[in-house]
Amino acid sequence: MKKKERDEKFAAHMPGVLQYHRLMLGDAVRNRLLAKAIKQVVNEETSFLDIGAGSGIWAILAAKLGAKRVVAVEIEEALIPFIYKHAQENGVANKIEIIHGRSDDVKIKGKFDVIVSELFGGDAMGAETIKSFIDLRTRFLAADGVLLPHRLISFAA
């Protein structure tokens, strides 16, 4: 693919990406509960993995709470600079390893005490999402680790 074609595809894709993440960031209940859960389990001894990091807010929070290791994984290439910029603005850019990739494909050494993941996409409770959660739990979660959110409830209207 030529650079111009790639740039045009990227530009057409960005509004949808930003709109989706704006909705996530605007969900006050979700954000309050997830922040509370993270604050309860992260300290200076914690290794923290954010899979599907989006804007990076949970990795940034973990770094600000003093986690000894913080890794943020995001599949959407366009969001990588946002994560880095937000981490810089919060004074924790040097404390977060940012990886561009798909959770099923990334190679990360070690296990993590806390994993935050909201890999929902268009397949919210489908086979691919469940497979990804099993994979990240198996490959990355420490034996006594915490996966957040630890429970999902689906509603239909």
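The model is predicted, so local features require pLDDT of at least 70 and side-chain atom pairs pLDDT 80 or more, whereas totals for chains, interfaces and linings use all residues. Residues are numbered from 1 along each chain as its sequence is written, and side-chain values use heavy atoms, without hydrogens and water.

Select Thr46 first, in the loop between helix H2 (28–41) and strand E1 (47–51); helices (H or I, at least four residues) and strands (E, at least two) are DSSP runs, numbered from the N terminus. Thr46 counts as buried because its relative accessibility is 4%, buried meaning under 20% relative accessible area, exposed over 50%, and partly exposed in between (1.4 Å probe, protein chains only). A polar atom of its side chain lies 3.4 Å from the backbone oxygen of Val41. Beyond four places in sequence, the contacts of Thr46 (heavy atoms within 4.5 Å) include Asp113 and Val114.

Next, select strand E4 (residues 112–117), where five of six residues are buried. E4 pairs with E1 in the parallel sense over four bridges, pairing requiring at least two DSSP bridges. Here Phe48 stands opposite Val114. E4 is also joined by four bridges to strand E5 (residues 141–148), again parallel, with Ile115 opposite Leu147.

Finally, select helix H5 (residues 127–140). Its buried residues are Thr129, Ser132, Phe133, Leu136 and Phe140.

Terms used:
A polar contact is a pair of N or O atoms within 3.5 Å; within protein, one must be able to donate a hydrogen and the other to accept it, and residues adjacent in sequence count only if both atoms are side-chain atoms. The expected span of a helix is 1.5 Å times one less than its number of residues.
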